[in-house]
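Take a walk through the inside of this protein model.

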Amino acid sequence: MHAQIQLVAQALARAERILVITGAGLSADSGLPTYRGLGGLYNGHTEEGLPIEAALSGPMLRRDPALCWKYLAEIGRACLGARPNAGHFALAELQRRKPGCWVLTQNVDGYHRAAGSPVQRLIEIHGELSPLFCMDCRQRSFELAEHLQRPLPPRCDRCGGVLRPPVVLFEELLPEAELGRLQTQLALGFDAVLAVGTSASFAYIVEPVLRARRGGGFTAEINPQAGELSAFVDVHLEGGAADVLPQLIRHISSDKI
Ligand code: OAD
């Protein structure tokens, strides 16, 4: 593992444009549940006998907001109750040292921002949990934490409409602005792509890795388990994000940059 970490560190040190793709596995080390795999939220059905993908979908939020909110609140409480870990801080440090380093995250916990990743180089492709906005009158700026203390679903104090977070639910489209930023950066190309703690269940997560590979770039993955991406990356670091990322950054000494 040590030699492999050095290999990845050298490749990142040489690269100018770096894309780090993160998923639930990164925040698993903060104590949050992942979606798939070990301890995953999606491994079974909800108490109502629904697949979690149906409970956490855009159509369900409109049809039965209380049911959808039951699971949104579960994710919200977990995120509010934990904090960024050494992996998030290591990535923020990498971005400080490498002005061409971007983070593309599927996580809605906001931990990259909390750890100091610059918003200009952060793409939150599945949105964020706060602030809530009203689905009827679109009024914004309702804090999630405040509403989690009250009966669910949360309601707008102006029109009584149901509030929701600006996250991407199942069967919903990705946010156009974030997608546009991602496409612009992908078109500029990346010298290296590092995927951290993701099962890579979506085409827009796999594509940047394949694209970098086709273009002769370096690709690596940090994940304790082999998955979708493992066969396509140059190096698979089989470990936890909060353990491996700080080691990786330590190996990228400032004189190599
Ligand atoms: P998943 O839950 O699908 O995958 C988590 C990955 O993290 C798995 O590959 C695990 O092996 C790995 N993992 C577990 N512990 C880890 C650790 N300590 N360090 C590193 N890796 C670890 O999560 P995502 O790929 O992020 O979307 O899933 C993406 C999306 O699935 C979520 O954003 C959500 C869900 O559908 C929406 O809600 C739209």
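Leaving aside its neighbours within four places in sequence, which residues is Leu194 in contact with? They are Leu12, Leu19, Val20, Ile21, Ala220, Glu221, Ile222, Leu245 and Leu248. Contact means heavy atoms within 4.5 Å.

This is a predicted model, where local features need pLDDT of at least 70 and side-chain atom pairs count only at pLDDT 80 or more, while totals for chains, interfaces and linings use all residues. Residues are numbered from 1 along each chain as its sequence is written, and side-chain values use heavy atoms, without hydrogens and water.

Leu194 also belongs to the largest nonpolar core, which has 30 residues. Such a core is a set of buried Ala, Val, Leu, Ile, Met, Phe, Trp, Tyr and Cys residues joined through side-chain atoms within 4.5 Å. Buried means under 20% relative accessible area (1.4 Å probe, protein chains only). Leu12, Val20, Leu194, Leu245 and Leu248 have the most contacts inside this core. α1 gives the most to it, with six residues.

Now turn to helix α11, residues 241-251. Helices are DSSP runs (H or I, at least four residues), strands likewise (E, at least two), numbered from the N terminus. Ala241, Val244, Leu245, Pro246, Leu248 and Ile249 are buried in α11. Their cover includes α1, α6 and β6.

How do α6 and α11 pack? The angle is about 30°, with the axes 7 Å apart. Axes are lines fitted to C-alpha atoms over the stretch in contact, and angles run from 0 to 180 degrees between N-to-C directions. The two helices are therefore roughly parallel, a label for angles under 35 degrees.

Terms used. Buried means under 20% relative accessible area, exposed over 50%, partly exposed in between (1.4 Å probe, protein chains only). Angles under 35 degrees count as roughly parallel, over 145 as roughly antiparallel, 65 to 115 as roughly perpendicular and the rest as oblique.
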